[in-house]
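Subject: A structure for you to look at

Hi,

Here's the structure I promised to pass on. Have a look at it first, then read my notes below with the viewer open.

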Amino acid sequence: MRKLQRILEYGKTYGVREMMNKSAEFLTGRRIAYEKWFQKHRASSMELEHQRKEQWEDAPLVSIIVPAYCTPALFFCQMTDSVIAQSYENWELCIADGSGKGRTELADLVENAYAREKRIRYRLLEENLGISGNSNAALAMASGDIIALLDHDDVLAPEALHEIVKAYRENPGAEVVYTDEDKVDMELATHYQPHFKPDFNLDYLRTNNYICHLFTVRRETAERAGGFRKEYDGAQDYDFILRCTETAAEIVHIPKILYYWRMHPGSVAGNPESKEYAYEAGRRAVESHLNRLNIEARVEHAGHWGLYRIRYALAGTPLVSIIIAPVTSEAKAEACRKRIKSCTSYTNYEIVTLGEAARGEYLVFISEDITVLNHGWLEEMLSNCQRPEVGAVGGKLYFPDQRVYSAGILVGVKGLGAHAFSGLPKEELGYCARAVLQQDMSAVSSEFMMVKKEVYDIVSQNREYLFTDKGLANLDFCLKVKQAGYLIVYLPGAEACTERPPDRQKEKAVVETSCNPKEVDKFCEIWKRELKKGDPCYNPNLTKKRCDYSLG
């Protein structure tokens with residue numbers, strides 16, 4: 001009863017969503033598990049000392065920009081101390097304080113407590129310019145080669161800048177580098193809710209600001225993108241990230257927790273309902289991003305704070321060939337045809353079976369036991385597959401009991417690959433909302449997939465080995481699509497259900513050990529580099545034993 005009261009009090013302070021997260025963590029023990037993981041994986045004092053002694057030629061200056069406004073002294077000192085504690089020493093901390101005219105507590109701290117620290121550059125603005133204006137003032141103070149964004153109430157891991165600079169040095173073409181993050185309580189004592197991110201994921205970024213913290217960018221790229229824009233206050237960092245990534249030649253992700261996002265009642269992390277305006281600003285930021293790229297689309301709120309759905313416009317009405325495969329009986333194929341016709345609003349399509357001539361510019365592969373659930377599924381697939389950078393798209397599949405069957409495929413998980421979130425209840429968001437948000441994946445299920453005909457022809461001609469096993473053939477085909485330079489997109493807005501009950505699936509894995517051993521060996525030989533590196537749409541800190549994005 002006492003624990004329940006504490007959870008309810010927590011909800012009053014931080015909002016319903018955070019209360020639910022806290023309850024889930026308590027019931028599953030995830031919070032305790034992450035605390036242990038964090039302590040094990042944080043940089044040791046010995047590692048930090050080694051980093052401090054490491055000498056790099058032409059070590060770049062990192063300018064950390066901080067917009068401040070009525071910042072509590074404790075928060076300011078903890079933020080500043082976390083920068084001073086960095087194992088990489090060539091930095092400057094650029095603080096633009098919009099707290100008002102005259103002496104402020106922060107000014108006194110800089111001139112007294114931090115008087116010896118010459119790397120701190122502090123400017124008291126004549127007036128509060130808003131978060132974008134204050135950020136621009138801090139950016140104008142920066143003289144470094146690399147710009148890093150830091151909020152005035154958050155803190156950095158002591159190895160953060162060392163890892164950032166190391167990534168830029170190892171990837172000379174990188175223009176943007178970002179890291180994983182977690183949340184920390186008011187006392188900076190407990191870490192929880194880690195956000196283990198994928199490598200750069202265009203479609204996922206358009207549905208939410210998953211990059212967020214720690215974001216860094218080369219100075220030239222930041223200048224090319226322009227500064228922060230006042231009309232997007234509340235989501236000014238999202239807008240800035242979108243503009244920087246639009247023009248960046250290479251974007252690097254460091255899969256390490258290097259930024260600690262402090263949670264308190266006034267922060268977005270602690271009380272998302274307190275910043276509704278910020279989520280509308282985020283929607284407009286994505287809309288502006290698409291407009292700059294001359295992409296016709298509509299951006300909508302996805303029903304949860306800070307999540308968006310993109311509805312791309314159809315270009316004409318090209319012929320789509322819907323291919324039923326496999327066909328075990330004509331009766332089942334005919335039943336599938338009837339189900340498709342009764343639940344498809346798009347009209348310019350043909351239905352054929354595997355082996356028959358397909359005339360369409362786009363090919364949909366659908367298993368005979370699949371039932372589509374929403375009338376606009378074909379428009380959803382087609383509008384995304386028409387995008388020039390996209391080669392294939394896959395929908396969201398359910399078991400008959402309304403649990404998820406497939407939300408894309410994770411390569412190298414549960415063997416060679418597994419259906420993401422398989423077994424998750426339909427209404428749940430999944431880890432970081434990844435079960436319900438459009439995003440790029442390394443593979444999708446061939447049971448409900450659309451492919452550009454021209455891409456299908458290219459990939460089919462270039463496959464050096466044809467697999468007889470369906471799971472291996474599916475993975476091989478998708479990896480070949482990516483190898484050819486195209487994106488594969490998971491579309492939760494195109495939904496379908498399989499007739500097969502969950503107990504007839506072999507623990508919902510894509511590839512099982514019952515596969516032909518010779519074919520498995522051949523697949524591993526062809527894709528050894530990709531399997532060793534890990535799925536870029538996943539995260540190496542997450543488990544490979546399950547498909548639920550839980551901690552490894």
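At roughly what angle do the axes of helix α15 (residues 453-461) and helix α16 (residues 470-483) cross? The answer is roughly 105°, and the two axes come within 10 Å of each other. Angles from 65 to 115 degrees count as roughly perpendicular, so that is the word for how α15 sits relative to α16. If you zoom in on where they meet, you'll find V455, Y456 and V459 on the α15 side, and F477, K480 and V481 on the α16 side. Sorted by class, that contact has five nonpolar residues, one charged residue and no polar ones.

Now the wider view. Please keep in mind that this is a predicted model. The mean pLDDT, which is the predictor's confidence, is 91 for the protein, and 90% of the residues reach 70 or more. Two stretches to treat with care are these:

- Residues 9-19 stay under 50 in pLDDT, and the model gives them 33 contacts beyond four places in sequence.
- Residues 25-29 are also below 50, with five contacts in the model beyond near neighbours in sequence.

As for the overall make-up, the protein has 18 helices and 22 strands. It is 552 residues long, and 58% of those residues count as buried. Its accessible surface comes to about 24,100 Å², with 51% of that belonging to carbon and sulfur atoms.

The buried ones are A160, L161, H162, E163, I164, V165, A167 and Y168. Notice that H162 and E163 are on that list too.

Next, some backbone details. There is a cis peptide bond between H213 and L214, with omega at about -15°. L214 lies in the loop that runs between α9 (202-207) and β8 (215-218). Another cis peptide bond joins A325 to P326, and there omega is about -5°. You can find P326 in the loop between β12 (320-324) and α13 (330-342).

F421 has a phi of about 60°, and for C432 the value is about 50°. F421 is in the loop between β19 (417-419) and β20 (439-441), and C432 also has its place in the loop between β19 and β20. Are they buried or exposed? F421 is buried, because its relative accessible area is 4% and the cut-off for buried is under 20%. C432 comes out as partly exposed, at 28% relative accessibility.

G144 belongs to the loop between α7 (130-141) and β4 (146-149). With 0% relative accessibility, G144 counts as buried. Which residues does G144 touch, leaving out those up to four places away in sequence? They are L61, S63, E92 and R219. Take L61: 83 residues separate L61 from G144 in sequence, but their C-alpha atoms are 4.6 Å apart in space.

G306 is in the loop between β10 (297-301) and β11 (308-312). This glycine is buried as well, because its relative accessible area of 15% falls under the 20% cut-off. Not counting residues up to four places away, G306 touches T207, N208 and Y279. From C-alpha to C-alpha, G306 is 9.5 Å from A235, and the two are 71 residues apart in sequence.

N516 is in the loop between β22 (487-498) and α17 (517-526). N516 is partly exposed, with a relative accessible area of 38%. Its C-alpha atom is 7.5 Å from that of D469, which is 47 residues away along the chain.

That's what I have for now.

Cheers

Notes: Residues numbered from 1 in each chain as written. Predicted model: local features only at pLDDT ≥ 70, side-chain atom pairs only at ≥ 80, totals over all residues. Heavy atoms only, no water. Axes fitted to C-alpha atoms, helices over the stretch in contact; angles between N-to-C directions. Helix = DSSP H or I, 4+ residues; strand = E, 2+ residues; numbered from the N terminus. Parallel < 35°, antiparallel > 145°, perpendicular 65-115°, else oblique. Contact = heavy atoms within 4.5 Å. Nonpolar A, V, L, I, M, F, W, Y, C, P; charged D, E, K, R; others polar. Buried < 20%, exposed > 50% of the residue type's maximum accessible area, 1.4 Å probe, protein only. Areas by Shrake-Rupley, 256 points an atom, 1.4 Å probe, with all protein chains shown as cover. pLDDT = per-residue confidence, 0-100.
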